[in-house]
Amino acid sequence: MKNIAFIHNMDMENQEKWLAQFTILLPNEIIVVADQLTDEQASQVELAIVANPSVDALKRFPNLIWVQSLWAGVETMVNTFRSINQGKTHPTQLVRLIDPYLANTMAEAALTWSLYLYRNIPEYMAQQKQNLWRPIPCPAINTVHVSVLGTGELGTAAMQALVNQGFNVNSWSRNHKDIANVTHYSEQDGLFALLKKTDILICLLPLTDQTHKLLSKETLSLLPKGAKIINFARGGIVNHDDLINALDTDHLSHAVLDVFEQEPLTENSPLWQHPKLSILPHISATTNLDTASKIVADNITRYREHGTIPDTVDLLRGY
Ligand code: NAP
């Protein structure tokens, strides 16, 4: 059995936790941290487990058939793989983590922060600071339109939780979808129509050339006055200057941001102090070691037994 390389940018403590888990789940495999392999050994490796590897780290492994990412979001890796695959007859395939537990965690986050916005919690927290006793009208939940951009693994789970809670749910994605109890839109016209009837907008799109700064002045202005936004996807999808302007001019009433172009958000960023922003440190759905390691181990076992490579990321499309 050939070595499996572990190519990552995590700290030693986390490296050891993952390795310990794989030793239990894949007792017949030899998993070696990338920098412990000589160039000669690295050139023999066909399979790797990765977590945001650099281009240089991957270039030491010219014969990789496929790699398994430990993360669900692979935005930074798409460019890395485009780069290392240049000129290759057999490009290395990238497999991302697809974990129902992670999708459930994102569904929980979508529901939590939608309820936070729907029940006006940011406004009540601000009122408390002023000793202000002022009830805010709250419409019936089935009249509140929550729109989810992206109907993939995470968007679909999020929509299910929102539908079950009683929200009026809309969605938008590239391809047409039939989703029970959800009104679906696609194409640019569909996006514009959806935005016009949205009270709470949740972004669960991947960051690609097409979605970069998708939520900027033009699109944000289509949202009804007082609408609210949640970005769980990637910071680059939202133009933060345009968002702040929409909040400052009272066009939008609040935004929850879990992701930023630069992470961690710098200590002196003005976003921290903005009264209409709730800032989270990229925690809406983090990889769970126990569930993720089992999925990765199953993928590797299936490949060893049947030669089956799991569904791969479309590097051209970007997700
Ligand atoms: P996914 O399964 O690949 O789904 C992506 C969805 O976006 C699909 O529905 C796709 O449409 C849609 N889409 C892509 N490009 C589009 C475009 N140009 N126009 C319209 N729709 C487009 O991804 P996922 O697993 O749900 O994850 C979504 C994102 O969540 C990740 O890329 C990552 O950025 C983020 N994430 C965040 C956290 C966190 O903790 N904050 C954790 C994990 C992931 P089709 O279905 O029509 O192809």
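1. How much space lies in the second largest pocket? About 760 Å³. A pocket here comes from a 1 Å grid over the protein atoms alone: it is an open set of points with protein on both sides within 12 Å along at least five of seven lines, and a lining residue has an atom within 4 Å of a point. Its volume is the space filled by probe spheres set on the points, with grid points joined across faces, edges and corners.

2. Before going on, a word on what you're looking at. This is a predicted model, where local features need pLDDT of at least 70 and side-chain atom pairs count only at pLDDT 80 or more, while totals for chains, interfaces and linings use all residues. Residues are numbered from 1 along each chain as its sequence is written, and side-chain values use heavy atoms, with hydrogens and water left out.

3. Two or more residues each come from α5, α6 (121–129), β10 (227–231), β11 (252–257) and β12 (277–279), with α6 giving the most, six residues. Helices (H or I, at least four residues) and strands (E, at least two) are DSSP runs, numbered from the N terminus. By class, the lining has 18 nonpolar, 11 polar and seven charged residues. Nonpolar means Ala, Val, Leu, Ile, Met, Phe, Trp, Tyr, Cys and Pro, charged means Asp, Glu, Lys and Arg, and the others, Gly among them, are polar.

4. Two backbone details are worth a look. Asn120 sits in the loop between α5 and α6, and its phi is near 55 degrees, a positive value in a residue other than glycine. In the loop between β11 and β12 you'll find Pro264; the peptide bond from Glu263 to Pro264 is cis, with omega near -5 degrees.

5. Now the ligand. There are 29 residues around it, and Glu75, Arg96, Asn175, Lys177 and Tyr319 come nearest; a residue counts if one of its heavy atoms lies within 4 Å. By class, this shell has 11 nonpolar, 11 polar and seven charged residues. Its largest share, three residues, comes from α7. Domain 1 (3–99 + 287–306) and domain 2 (101–279) both give residues to the shell, so the ligand lies between them. The domain bounds come from an automatic or database domain assignment.

6. Which polar backbone atom is 3.4 Å from an oxygen atom of the ligand? One belonging to Ala233. A side-chain N or O atom of Arg96 is 2.8 Å from a ligand oxygen, and a backbone N or O atom of Glu153 lies 2.9 Å from a ligand oxygen. The protein covers 92% of the 940 Å² of accessible area that the ligand has on its own, by the Shrake-Rupley method with a 1.4 Å probe.

7. A cavity is a set of grid points where a 1.4 Å probe fits but cannot get out. The largest cavity holds about 50 Å³ of space, and its lining includes Arg96 and Glu153. α5 (100–118) and α7 (153–165) are the elements that give two or more residues to this lining. By class, the lining has six nonpolar, no polar and three charged residues. Domain 1 and domain 2 both contribute to the lining, so the largest cavity lies between them.

Definitions and conventions: A polar contact is a pair of N or O atoms within 3.5 Å; within protein, one must be able to donate a hydrogen and the other to accept it, and residues adjacent in sequence count only if both atoms are side-chain atoms.
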